[in-house]
Amino acid sequence: MKKTAPIFVLIAGCLWGSMGIFVRGLSLYGFTSLEIGALRVFGALLFLGTGIFLYNRKMFRIRLKDLWCFFGTGIVSIVFFNYCYFTTIQLTSLSVAAVLLYTAPVIVTTLSIFLFKEQFHAKKLLALVMAFTGCVLVTGILSEKLTLTTGGILLGLGAGFGYAMYSIFGRYAIERGYESLTISFYTFLFACVGFFPMIDRKHLAECFEPEWNLAGLLAGLGLLNTVIAYLTYTIGLTYMEAGRASILASIEPVVASVIGFFLYK
């Protein structure tokens, strides 16, 4: 599995990069970005919970003393990252938010040196620099007039920190013997709890329509962009360094840009 681990991480990055297809579709129904984030984790929880129930119910078992790991992946990572990222977009611009988000590999790599004793060498430094530079170029931030605020920058860095925390807390959960299915399930469970007080549930209900197209968009977002993406990333993370996994996942904005170019001109 060590040889194929990078492939799993790249698959996850590609799936995350395709999320814009479903997000754009859901936006047409009037859902806000935060509501889409909540629907994403709720749908993932339903899919994953049903799958574990049918496949192996023992995977629901966790130790209470390890709850902090899943609080970290669900609340500190997914909920905090989504809140900071969408707020940054409102205060600055999409490209600025994207660049600040992709400080995540630097954060993961730095923390992994101290927390997990991962090696840091010239090749990893070069990969970090190239990945971040690529993200800067892909967003087109150098060719547009920037809208920068202190709050926007701090929240953007917060988004990068939250994005990085899945790799950190996920690594701790892996080291405690949990499988990717269990880690992902409790991640989404905690994320659902975190999103609940943040969304306008009345508005959310008003946006729902009994249409197959809407059901398909929600299913794609929950299953492809969330369940399968997080499962494959966690599988890859099991067999490789957190820093390397985070760098490889930076393929996400590249895939998003390619899809944007060909599908949305």
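The model is predicted. The chain has 13 helices and zero strands. Its radius of gyration is 18 Å, close to the 18 Å that the globule rule gives for 265 residues, so the chain is as compact as a globular protein of that length. The largest pocket has a volume of about 1200 Å³, and the count of cavities of 30 Å³ or more comes to one.

**Overall fold**

- From the N terminus on, the order of elements is α-α-α-α-α-α-α-α-α-α-α-α-α.
- The C-alpha trace spans about 55 × 50 × 35 Å along its principal axes.

**Helix α3 against helix α11**

- Helix α3 covers residues 33-55, and helix α11 covers residues 212-238.
- Their axes come within 8 Å and cross at roughly 70 degrees.
- That angle falls in the range of 65 to 115 degrees, which makes α3 roughly perpendicular to α11.
- On the α3 side, the contact involves Ile-36, Leu-39, Arg-40, Gly-43, Ala-44, Phe-47 and Leu-48.
- On the α11 side, the partners are Leu-218, Ala-219, Leu-221, Gly-222, Leu-223, Asn-225, Thr-226, Val-227, Tyr-230 and Leu-231.
- By class, the residues of this contact are 12 nonpolar, four polar and one charged.

**Largest pocket**

- This pocket, of about 1200 Å³, is lined by 38 residues.
- Closest to its centre are Gly-20, Tyr-85, Ile-89, Leu-94 and Ala-256.
- Two or more lining residues come from each of α1 (5-17), α2 (19-27), α3, α4 (67-91), α5 (94-101), α7 (122-139) and α13 (252-264).
- Helix α4 gives the most to this lining, with eight residues.
- The lining holds 22 nonpolar, 12 polar and four charged residues.

**Second largest pocket**

- The second largest pocket holds about 280 Å³ of space.
- It has 15 lining residues, and Ala-127, Ala-131, Arg-244, Ile-247 and Leu-248 are the closest to its centre.
- Helices α7, α12 (242-248) and α13 each supply at least two residues of the lining.
- Helix α7 gives the most, with eight residues.
- Nine nonpolar, three polar and three charged residues make up this lining.

**Cavity**

- Rolling a probe the size of a water molecule over the atoms shows where empty space is left.
- The largest cavity has a volume of about 130 Å³.
- Its lining has 16 residues, with Trp-16, Tyr-163, Tyr-166, Ser-167 and Tyr-233 nearest the centre.
- Helices α4, α6 (104-115), α8 (150-175) and α11 each give two or more residues to this lining.
- The largest share, four residues, comes from α8.
- By class, the cavity lining has 12 nonpolar, four polar and no charged residues.

- Helix α4 contributes to the lining of the largest pocket and to that of the largest cavity.
- Helix α11 takes part in the contact with α3 and in the lining of the largest cavity.

Conventions. Residues are numbered from 1 along each chain as its sequence is written. This is a predicted model: local features need pLDDT of at least 70, side-chain atom pairs count only at pLDDT 80 or more; totals for chains, interfaces and linings use all residues. Side-chain values use heavy atoms; hydrogens and water are left out. Axes are lines fitted to C-alpha atoms, for helices over the stretch in contact, and angles run from 0 to 180 degrees between N-to-C directions. Angles under 35 degrees count as roughly parallel, over 145 as roughly antiparallel, 65 to 115 as roughly perpendicular and the rest as oblique. Contact means heavy atoms within 4.5 Å. Ala, Val, Leu, Ile, Met, Phe, Trp, Tyr, Cys and Pro count as nonpolar, Asp, Glu, Lys and Arg as charged, and the others, Gly among them, as polar. On a 1 Å grid over the protein atoms alone, a cavity is a set of points where a 1.4 Å probe fits but cannot get out, and a pocket is an open set with protein on both sides within 12 Å along at least five of seven lines; lining residues have an atom within 4 Å of a point. Grid points are joined across faces, edges and corners, and a volume is the space filled by probe spheres set on the points. The radius of gyration is taken over C-alpha atoms; the globule rule is 2.2 Å times the number of residues to the power 0.38.
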